[in-house]
Amino acid sequence: MIPRIPRIPLAPWKRGPVFAVLALLLGLLMLLHAQVPTFAGVGNLVENLLPWLGVFVPVLLAGAVWRRSASATVALLLPVTVWLSLFGGLLVDKSHPGGDLTVASHNVSADNPDPTGTARQLAASGADLLALEELTPQARGTYEKGLAKAYPYHAVRGTVGLWSKLPLSDTRSVNVVRGDVGPLAKTKPADAPKEPARALRTTVATDHGPLAVYVAHLGSVRLMPSDGFWTVSRDFGARALGKTVAAEPNKRVVLLGDLNGTTDDRAFHTLTAHLSSAQETAGNGFGFTWPASFPIARIDQILVRGVGARSAWVLPETGSDHLPVAARISW
């Protein structure tokens, strides 16, 4: 007598095909995010919000359980695996004690209602180098006065500045502004004054030798009804800054600033090819910085080359719509 082979019920594998397909599409979107077209900035938008795609996993899992779908449950292994490969390392505390220098950066916001209080908080941070972005002519004096005691040296170019406990030299502006783009560009008269500088480069004299420091505030990004996720100005600045950093003769470089984008954004490939993120190599968590009331993205960056990041963290909220960032670096 031939023994009967038990039949495997196929119903759980046939249920929930929609959830199974959605799970596979989610995994492929995360895996192939660099291939998403940049038309209307869709690819850039996906990459700036890439970590948040993971929130769809529990939603799809709930659907798979509701439908009692084995195929959807198995399909979810793809997005889970891809997400963990991309961001799992950020869930581990990679900070280490020590370091030779503390650096910090903060977009203080042109609409900051309390620049005096912000200056006081930043001076108390203990940073050796403090970069500020979005300085207005009206608030500049307030920051200079509030930071003078803690920082004997400072340099400002346009709307960005660096306050330092160590001597500075060879400070110059870096052109990251392209004024002929954007929805308002055509409305500007031909004799309109040029936009102020939004990036600088300076040399900091340390006990270990000269350190090249860049401070940058790249162009804004906007959701436009006709243009989608508009990044033209930001992308121009990212390319210009990337070329400048690539040509920097000093092997030790620190870039501080509001880049208006995350390091996952393809627009920063030129920069990330030469610099590494302090948060990714020595931080704990995602380090989101904007908006300050409910941070969803890290657009304020500390990037380094030739020095090592020992730790990286986000500082408490000030009167700005951004959170300050800080890191300890070592030689």
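Predicted model: local features only at pLDDT ≥ 70, side-chain atom pairs only at ≥ 80, totals over all residues.
Visitor: Which backbone nitrogen lies 3.0 Å from a polar atom of the side chain of S320?

Guide: That nitrogen belongs to H322.

Visitor: Where does S320 lie relative to the strands?

Guide: S320 is in the loop that runs between β13 (308-314) and β14 (325-330).

Visitor: Is S320 buried or exposed?

Guide: The general idea is a cut-off: a residue counts as buried when its relative accessible area is under 20%. S320 has a relative accessible area of 5%, so S320 is buried.

Visitor: With which residues is S320 in contact, leaving aside its neighbours within four places in sequence?

Guide: S320 is then in contact with H106, N107, V108, S109, N112 and A292.

Visitor: Turning to α2, how many residues does the helix have, and what does it reach from its first C-alpha to its last?

Guide: The general idea is to compare the span with that expected at 1.5 Å a residue. Helix α2 (residues 17-31) has 15 residues and reaches 21 Å, close to the expected 21 Å.

Visitor: Which residues of α2 are buried?

Guide: They are F19, A20, A23, L26, G27 and M30. Viewed down the axis of α2, these buried residues fall within an arc of 125°, so they line one face of the helix.

Visitor: Which exposed residues does the face turned away from the buried side carry?

Guide: That face of α2 carries P17 and V18.

Visitor: What covers the buried residues of α2?

Guide: The cover includes α4 (56-67), α5 (70-75) and α6 (77-87).

Methods. Residues numbered from 1 in each chain as written. Heavy atoms only, no water. Helix = DSSP H or I, 4+ residues; strand = E, 2+ residues; numbered from the N terminus. Buried < 20%, exposed > 50% of the residue type's maximum accessible area, 1.4 Å probe, protein only. Polar contact = N/O pair within 3.5 Å; in protein donor to acceptor, adjacent residues only side chain to side chain. Contact = heavy atoms within 4.5 Å. Expected span 1.5 Å × (residues − 1). Arc of directions from axis to C-beta.
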